[in-house]
Amino acid sequence: MKKRTRTQKLAAVLLVLDTIFIGVIVLAAVLALIQALIEPDELLAGIAPEFVFPENTPFLIMVASVGFFAIMIGAILYTLWQMRDLFARYAKGESLTVGCAEAIRKTGIGLIWIVVLDALMMPVQSLLLAWLISPEAASFALDISAASLGLLLAGGLIVLVGWVMREAVDVAEENARFV
Amino acid sequence: MKIIVRLDVMLALRKMKSRELAERVGITEQNISLLKSGKVKGIRFETLAKICEILECQPGDILEAEED
């Protein structure tokens, strides 16, 4: 049996960790959704304890909150899934291929989406809550932390690396056609 | 103008099989087949030098320029 390289060994470990992490997030999301359906008041208290909600608000808020939550979880799972795909390819010994380049690019795009959604989620949710309770007082405030900017840059860098990898694959394939 | 590979002719003259040439040059038999059929993008000087050494010939004996 061919000896595994250090890349393959590390990729195999990261693949397992990533898969476990995906499982944990899915489980947590399902449990949170069940709790929201069973105890919507608990969900509302968790979102905005200081608000006194008018009639019919709970259902709308719940739908919006679950919707935002689902979109955010979707972005996180998408990113983790692309990383998982990349780790699986590296673990198999695949490196300079179109599949790897695409997985890198998509991971970067996923990270960018996570940052954008995270920055928008709370302001949009607060705006919706405020609009439902007191439309004239509703306002939109965007807060972006240094960590978010850093993650945004990291996501952009990873997309760039994915593009460069794609060009490297083209060069490698061209080179392979030389004997 | 295109380059024609006459490797099959030289192999026949030297009574050598593609597999033996591939082993001695250090490339796969598949690459030798691709080279014989002219389906490669190019050949490295190193590979060409080894082939010429093994077949005791000149590059011009293997490669020929032909008008399209």
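**Cysteines, chain A and a helix pair**

Analyst: At 0% relative accessibility, C100(A) counts as buried, where buried means under 20% relative accessible area, exposed over 50% and partly exposed in between, with a 1.4 Å probe and protein chains only. This is a predicted model, in which local features need pLDDT of at least 70, side-chain atom pairs count only at pLDDT 80 or more, and totals for chains, interfaces and linings use all residues. Residues are numbered from 1 along each chain as its sequence is written, chains are lettered from A and ligands numbered from 1 in the order in which they are written, and side-chain values use heavy atoms, with hydrogens and water left out.

User: And C57(B), buried or exposed?

Analyst: C57(B) is buried, because its relative accessibility is 10%.

User: Switching topic, what is the secondary structure of chain A?

Analyst: Chain A has five helices and zero strands, counted as DSSP runs, with helices being H or I of at least four residues and strands E of at least two, numbered from the N terminus.

User: How much of chain A is buried?

Analyst: Of its 179 residues, 28% count as buried.
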